[in-house]
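Dear colleague,

Please find below the structure that I am handing over to you. My notes on it follow directly after.

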Amino acid sequence: MGLFDRDYMRNGYPGVVGTTRPVWVLIIINVMIAITGAPPSWCLFSMPRYFRIYQLVTAGFVHADWGHLFFNMYGLYLFGSIVARRMKESHFLMLYFAGVLIGNLLYLAVNFGRIGCLVGASGAVCAMMMAAAMLEPERRFVMIFAPLSPIKISTLVVCYAALEMFLEIFHAQGSIAHLAHLGGFLAGYLYLKILFGEALAWDPLRRKKVRTATSYGFREPPPRNGANTTRVSPAELDALLDKVSREGINSLTPEEYARLRQARQEMRGEK
């Protein structure tokens, strides 16, 4: 078995264990519901007379129009593709539903009793955005018309969350449920903390940066003099990959991790 045949080294990123399949499944489900049409009872009504508990979930699969659907699905693809490669499919789906549920609950907690109806997967998309930032904070995105483009995803999340808080406080853009977006950010943060703990590459509430974390959330060996320049033999590579398979990528010593990276570069023809 070669280096890139292993799940945790797929696409060149250490620690990769998943695929983007659940992203496409969710996109197809949302599009099919938009085509067939969802019953009005699926919307999240804040009026007690029309509210049903299942609406906390079903509202996350209903969209106001095709533009609303497009931007949510594009966001799900953009950020969800990053996250899906880093966790099991079941964990990814739980993150999606956590974003929908907590986003809708936060909206409902503030607006219950008022006339209103909430739809959309924005809470789930914001959860994906937060998760992607916590896993790969140094990844950059080109933002159209943005003066600081390309921008790091961690910076993007902080700026977007601050904007959502500002718009909610001053009741701007009343047709947009900013609380659901903020609830999605909260869901993504809590879920990733529960799932990965201190191994995360970025934590917006952590004061000190963890030196053992790279932008991909795994330990980076410190630079050292006299690095081993000999090529990595197939037997050595197999031993390293077997250790990763048994104990995880963080079980490697700095020297072993450096050799694994060297093997990857050699297989790509970079060395």
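A nonpolar core is taken here as a set of buried Ala, Val, Leu, Ile, Met, Phe, Trp, Tyr and Cys residues joined through side-chain atoms within 4.5 Å. Buried means under 20% relative accessible area, exposed means over 50%, and partly exposed lies in between (1.4 Å probe, protein chains only).

The model is a predicted one: local features need pLDDT of at least 70, side-chain atom pairs count only at pLDDT 80 or more, and totals for chains, interfaces and linings use all residues. Residues are numbered from 1 along each chain as its sequence is written, and side-chain values use heavy atoms, with hydrogens and water left out.

Overall composition

The protein chain contains 9 helices and 4 strands, where helices (H or I, at least four residues) and strands (E, at least two) are DSSP runs numbered from the N terminus. Along the sequence they follow the pattern α-β-α-α-α-β-α-β-β-α-α-α-α. Of the 271 residues in the protein chain, 46% are buried. The chain exposes about 14700 Å², and carbon and sulfur atoms supply 63% of that area (Shrake-Rupley method, 1.4 Å probe; for residues, only the protein chains shown count as cover).

Core and helix 4

The largest nonpolar core has 43 residues, of which L76, V83, Y96 and L192 touch the most other members. At least two residues of this core come from each of helix 1, helix 3, helix 4 (89-111), helix 5 (122-135), helix 6 (153-169) and helix 7 (178-196). Helix 5 gives the most, with 12 residues. Another core, of 10 residues, lies apart from it and includes L56, A59, Y107 and L118.

Both Y96 and Y107 are among the buried residues of helix 4, as are F92, G99 and N111. Leaving aside neighbours within four places in sequence, Y96 is in contact (heavy atoms within 4.5 Å) with L26, N30, G60, F61, L76, A121, A124 and M128. Helix 4 has 23 residues and reaches 33 Å from its first C-alpha to its last, close to the 33 Å expected (1.5 Å times one less than its number of residues). After helix 4 comes G113, whose phi is positive, near 100 degrees.

Nonpolar surface patch

W24, I28, M32, I35, W66, F70, F71, Y74 and Y77 make a nonpolar surface patch of about 1100 Å². Patches are made of residues with over 30% relative accessible area and no salt bridge, with like charges joined within 9 Å and nonpolar side chains (Val, Leu, Ile, Met, Phe, Trp, Tyr) within 5 Å. Helix 1 (21-36) and helix 3 (66-84) each supply at least two of its residues, and helix 3 gives the most, with 5. Y74, in helix 3, is partly exposed, with a relative accessible area of 45%.

Salt bridges

The structure holds 7 salt bridges, each being a side-chain nitrogen of Lys or Arg within 4 Å of a carboxyl oxygen of Asp or Glu. The side chains of R259 and E236 meet in one of them, at 2.8 Å from N to O. This pair links distant parts of the chain, with R259 in helix 9 (residues 254-268) and E236 in helix 8 (residues 234-247), 23 residues apart. R259 is buried at 7% relative accessible area, whereas E236 is partly exposed at 27%. Salt bridges that share partners also join R86, E136 and R139 into one network.

With kind regards
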